[in-house]
Amino acid sequence: MVPPGDGAADEAFERLVVPELDVLMRVARSLSGNTADAEDLVQETLLRAYRSIERFDGRYPRAWLLTIMRNANINRARRRRPQLQRDPDTAPEEVADDGRSAEDDVVDPVLDAALDDALAALPLVYRRAVELVDMAGLSYREAAEALGVRQGTVMSRLHRGRQRLRERLAATGLEGDRT
Amino acid sequence: MTRLIRRRVPDHLSCRQVAKVLQTHLDGELDDETASAVAEHLEMCRRCGLEAATYIELKEALARRAAPVPTASLERLRSFVAELDAHGAE
């Protein structure tokens, strides 16, 4: 890769990262717990990626970015960084806006509310695996990159997490008692 | 990227064998050979078919709960990338 600052490299950087912004935000939301911190984490990830693009071989940009995000998140847990680019005048409204429309909430409100409770009750390691694969759409391998664990660990956390969700939903009479 | 989980596939899978790989199958992470053996079993076995339907329903409900990323966030991040390109990382 050409070093940053070069026009061609900048174009390559933009082409690599822009298609991944949505998934990066979804993963960051799972890792940080809210949209505002997620956006800061993605910005930190992009900055680190930009600085290290010379060392990137151009293959699997998503896996590369997820690994950078994992490391950035570990550092963030050690020290809070100043916000990079958010406009303080607009931030509070947007934090409250999770992007969900009223329509999204009427598909099956009872099941969805029960699912929210069940998710909140899951141990964090299970919840993250479920969020990354079922809600952010990552593959097992990508989730393993994001969490810094082996693929088999992702599988076992994910499968146990879903099993627990089923049990909890079955206990509320909503799911899992079909047979 | 090799992400498919390879397993030895007998001609016909038992319910117990299917149960072990069912979630991996529904996640699309099984190799083609195992996936088609599992699919064949699910066609014929009502109990495993219902088990699969339950997990599919759960996965769909979870996907529905995934809030979209706010457009304003994505716009700010795109601007951030453009800013990096224009001025570098200083």
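Modeller: Accessible areas come from the Shrake-Rupley method with a 1.4 Å probe, and for residues only the protein chains shown count as cover. By that method chain A exposes about 8,800 Å², of which carbon and sulfur atoms supply 47%. This is a predicted model, in which local features need pLDDT of at least 70 and side-chain atom pairs count only at pLDDT 80 or more, while totals for chains, interfaces and linings use all residues. Residues are numbered from 1 along each chain as its sequence is written, and chains are lettered from A in the order in which they are written.

Biologist: How many helices and strands are there in chain A?

Modeller: Helices (H or I, at least four residues) and strands (E, at least two) are DSSP runs, numbered from the N terminus. Chain A has nine helices and zero strands.

Biologist: What percentage of the residues of chain A count as buried?

Modeller: Buried means under 20% relative accessible area with a 1.4 Å probe, protein chains only; of the 179 residues of chain A, 45% count as buried.

Biologist: And how is empty space found?

Modeller: Rolling a probe the size of a water molecule over the atoms shows where empty space is left. On a 1 Å grid over the protein atoms alone, a pocket is an open set of points where a 1.4 Å probe fits, with protein on both sides within 12 Å along at least five of seven lines, and lining residues have an atom within 4 Å of a point. The second largest pocket holds about 210 Å³ of space, a volume being the space filled by probe spheres set on the points. Its lining has 13 residues, and those closest to the centre are Cys15(B), Ala19(B), Leu22(B), Cys48(B) and Glu51(B). The largest share of that lining, seven residues, comes from α1(B).

Definitions and conventions
Heavy atoms only, no water. Buried < 20%, exposed > 50% of the residue type's maximum accessible area, 1.4 Å probe, protein only.
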